[in-house]
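Take a look at the fold below. Keep the sequence beside it as you read.

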Amino acid sequence: MTIESLRSQQWFKLICGASYQHLPAIRHLALIYTLAGADCIDMAPDPATIAAAREGIAAAIDLGATRSPLVMVSFNDGEDPHFRKAFFDPQLCPPDCPRPCEKVCPTTAIKFGNDYNGVISNLCYGCGRCLPICPEQIIHTREQVYVPEDIFDLIMNKQIDAIEIHTQPNRTKEFSAFWQRLSPVIPKLQLMAVSFPDCENLRDYLMSLLSGMQPQPRSLIWQTDGRPMSGDIGDGATRAALQLGQKVLDFQLPLGFVQLAGGTNASTVTKLRQANIPVAGVAYGSYARKIVIDFLEESGEDVPDHLEEKSCLLWRAVAIAKQLVSQIKTRR
């Protein structure tokens, strides 16, 4: 059981992105990281995205993967940067603009060309790096809204194993109300997770969230979002993740595992060992996606939608993913 990885502090979660909906990439990531040994894959609560991930997982099982990772979907109880898309009117762009937005976008979601100008919505995952650098300040965001009741049938049909709720400080009432919306399906899920940033009086806030968790989940993860969506920008980004993880461990909350996120990258586990921080696991988002997608895009080969059709390319990508997964799997 993948839940055992939490107890042994060897939990690896891949974050595809709460608003990322590029289906070929989702399938590739699910296939590759299932073969690499991931315990959980987190994604947008969109039926097409879930189906793409499930297809990738099934292909990995056919190729010999020994277990299927939990399929987790993410929701928010209010406004949250993980659930937004950038947009702008390209007709407002000056002809001589150097287009720094295009250069800074980590998923090449911003495109200027003969066939398309603007933001390719399914590639945008809301990192916000384009917002402050636009010389004209014409880039805005819109919230990506998901309705939890829309995926209840998928939960009942065991296509979804876990749910994560992204929350922000001072939203106890909103969190409790959202939990109650999920209450019909919570007993069917193997796991619930709560993702949150640091704030003042954090322990009191988390305890207030815990008091609203009725019914109680089978298992619970506290996901400490140290520096959101920053794992791909440098090793130093992981510092906030480690600090917040230790802070929450010190709270000794009566229920739940503590798992890092937000700024996690190749240096995270090494620094965990050095600091002797006994978190249950690590979730990797932008960094884990980048090392695999960059390899595929830079391979010089045509990448088929069914990556298993190019066995050599697939297993080279799996080897890259395994280098990351094995860090947490061998940390003890």
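Predicted model: local features only at pLDDT ≥ 70, side-chain atom pairs only at ≥ 80, totals over all residues.

Start with the barrel. Eight strands close it, in the order β1-β2-β3-β8-β9-β10-β11-β12. Their pairing is parallel. From one strand to the next, the twist averages 25 degrees.

Strand β11 covers residues 257–261, and strand β12 covers residues 281–284. The two pair in the parallel sense over two bridges. Find Gln259 and look across to β12: its bridge partner there is Gly281.

Next, move to a loop. Arg129 sits between β6 (117–119) and β7 (140–143). Is Arg129 buried or exposed? Its relative accessibility is 19%, and the cut-off for buried is under 20%, so Arg129 counts as buried. Which residues does Arg129 touch, once neighbours within four places in sequence are set aside? Val104 and Pro106 are in contact with Arg129.

Leu154 has a relative accessibility of 21%, so it counts as partly exposed. Leave aside its neighbours within four places in sequence, and the contacts of Leu154 are Pro47, Ile50, Gln159 and Ile160. Now trace the chain from Leu154 to Leu206. The two residues are 52 residues apart along the chain. Their C-alpha atoms are separated by 29 Å.

Finally, turn to the cysteines. A disulfide is a covalent bond between the sulfur atoms of two cysteines. How many does a search of the whole structure find? The count is zero. Two cysteines show how the distances work out.

Take Cys16. A disulfide needs the two sulfur atoms within 2.5 Å. Cys16 also counts as buried, because its relative accessibility is 0%.

Cys134 is in no disulfide either. Its nearest cysteine sulfur belongs to Cys101, and that atom is 6.3 Å away. Cys134 is buried too, with a relative accessible area of 10%.

Key
Residues numbered from 1 in each chain as written. Heavy atoms only, no water. Helix = DSSP H or I, 4+ residues; strand = E, 2+ residues; numbered from the N terminus. Buried < 20%, exposed > 50% of the residue type's maximum accessible area, 1.4 Å probe, protein only. Contact = heavy atoms within 4.5 Å. Pairing = 2+ DSSP bridges. Axes fitted to C-alpha atoms, helices over the stretch in contact; angles between N-to-C directions.
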